[in-house]
Amino acid sequence: MSSKYNEDLQNQIKVITKLLKKPENRLCADCKRPSPSWASINLGVFVCINCSGCHREIGVHVTKIKSINLDLWPKKVLKNFKKINNEIANKYWEYKLKHFDFKSIQNDMYKLIDFIRDKYERKKWINKKKKDPMTLIIKGEFEDEDNNDDDNENNEDDDEEVKKKNKKNKKKEKKN
Ligand SMILES: [Zn+2]
């Protein structure tokens, strides 16, 4: 393995460790157990080891599972992951899922894989009016409408906000 590979992998681990500290990524996107450690890089979700096994079983035409510290991700994928989190993804994939008892699937692999198939393969609970967020992110068309005013430290819109405020202040100065 080249040192460049190792360097890139270490950098990736650093980035992902930070992403996993976001409260939105605290739980597995599917079974909701704490501390996910795998990811589906085309769906943009972090999942636990059990759910990662189910994803693999379903196949790469639906979900591409990668380890966060053994596989080197394409740089673009890593960049896209900064714009998504488990909550954003589930706002689409679990849009119609209400009052579900996640405990009932956590310790039952058959129920778990059925749930994950329902969710991503049969698209049982999606918001049909929208496209899935990762597809939108890849196209550069993603906007998270609920993410405007929170204290998201990686909010790339901050610059825009500052510019607007500066403009307002300038206007005030002119008036004075
Ligand atoms: Zn899980």
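**Stop 1: a loop residue.** Select S35, which sits in the loop that links α1 (3–20) to β1. Look at its backbone: phi is near 60°, a positive value, and S35 isn't a glycine. Is S35 buried or exposed? Only 12 or fewer neighbours make a residue exposed, and S35 counts as exposed because it has 12 other C-beta atoms within 10 Å.

Keep in mind as you click around that this is a predicted model.

**Stop 2: the whole chain.** Now zoom out and colour by secondary structure. Starting from the N terminus, the order goes α-β-β-α-β-α-α-α-α-α-α. Of the 176 residues in the protein, 26% are buried. Next, think about contacts between residues at least 6 apart in sequence: 65% of them join residues at least 24 apart.

**Stop 3: helix α2.** Select residues 49–58 to highlight α2. Which residues of this helix are buried? They are N50, C51, S52, C54 and H55. Now show what covers them: the cover includes the strands β1 (38–40), β2 (45–47) and β3 (65–67), along with helix α6 (109–121).

Stop 4: Click on G59, which follows α2 and has a positive phi near 110°.

**Stop 5: another loop.** Finish at H99, in the loop between α4 (86–93) and α5 (103–106). H99 isn't a glycine, yet its phi is positive, about 50°. H99 counts as exposed because it has 4 C-beta neighbours inside 10 Å.

How values were computed
Residues are numbered from 1 along each chain as its sequence is written. This is a predicted model: local features need pLDDT of at least 70, side-chain atom pairs count only at pLDDT 80 or more; totals for chains, interfaces and linings use all residues. A residue is buried if 20 or more other C-beta atoms lie within 10 Å of its own, exposed if 12 or fewer, and partly exposed in between; C-beta atoms are placed from the backbone. Helices (H or I, at least four residues) and strands (E, at least two) are DSSP runs, numbered from the N terminus. Two residues are in contact if their C-beta atoms, placed from the backbone, lie within 7 Å.
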